[in-house]
Amino acid sequence: MNKPHLTSRFGIIAGLILFAAMSRLLPHPHNFTPIGAMALFGAAHFRQKYLAFLIPLAALWLSDLVVHNVVYPRVYPEYYHGFRWFSIVWIYGSFAAIAGLGLLMLRQVRFPRVLGASLGASLLFYLVTNFGAWLGSSFYPQDFPGLMASYIAGLPFFWNTLAGDLCYSALLFGSFAYLQYRVPALAQRS
């Protein structure tokens, strides 16, 4: 049987991740999202490694269902037809890799580590998703210059990804640190 503080700790961590995921429904600049921060936060605070992947991935998937089936069809009706159950595999792959990065870098949650992990998450997301945009694309030549063109085209989005990861990491980690300060029992890992 779980102790009440462990159950409430789990609920608070999962709730913060879900709240961050649903913030994707608010108007925001392209790629200014909580994706990297959610993966890092889950990796830092869930004791069970599978939860570090499962909860943030589930939150991302739920928010994707709304974004790709409600929001985007209204904004981009020429591109979105029919119900979408799943988004781009490269995004989910980078998300899982970011959670792995968080498991490695955030065994101790300290400001320099969170900052470094956030920077690494942004770079990882940029490298993986732009590689995915290039691979098999008819838009980019399938050679090294084509890959570099994909990375160059993604640079404006990288800066928003970086800003989003830093902002949401500060929000998630800062909020939870404050809650742990106010309720010391939350400091025990779930």
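1. The largest cavity is lined by Trp61, Asp64, Leu65, His68, Arg84, Trp85, Phe86, Ser87 and Tyr92. A cavity here is a set of points on a 1 Å grid over the protein atoms alone where a 1.4 Å probe fits but cannot get out, and lining residues have an atom within 4 Å of a point. The model is predicted: local features need pLDDT of at least 70 and side-chain atom pairs count only at pLDDT 80 or more, while totals for chains, interfaces and linings use all residues. Residues are numbered from 1 along each chain as its sequence is written, and side-chain values use heavy atoms, with hydrogens and water left out.

2. The volume of the largest cavity is about 30 Å³, a volume being the space filled by probe spheres set on the points, which are joined across faces, edges and corners. Helix α3 (residues 49–75) gives the most to its lining, with four residues; helices are DSSP runs of H or I, at least four residues, numbered from the N terminus.

3. The largest pocket has a volume of about 1300 Å³. A pocket is an open set with protein on both sides within 12 Å along at least five of seven lines. Its lining has 40 residues, and His30, Asn31, Tyr72, Ile88 and Ile91 lie nearest its centre. The largest share, seven residues, comes from α6.

4. The second largest pocket holds about 200 Å³ of space. Of its 14 lining residues, His45, Val109, Phe173, Phe176 and Gln180 are the closest to its centre. Both α2 and α6 give two or more residues to this lining, and α6 has the largest share, five residues.
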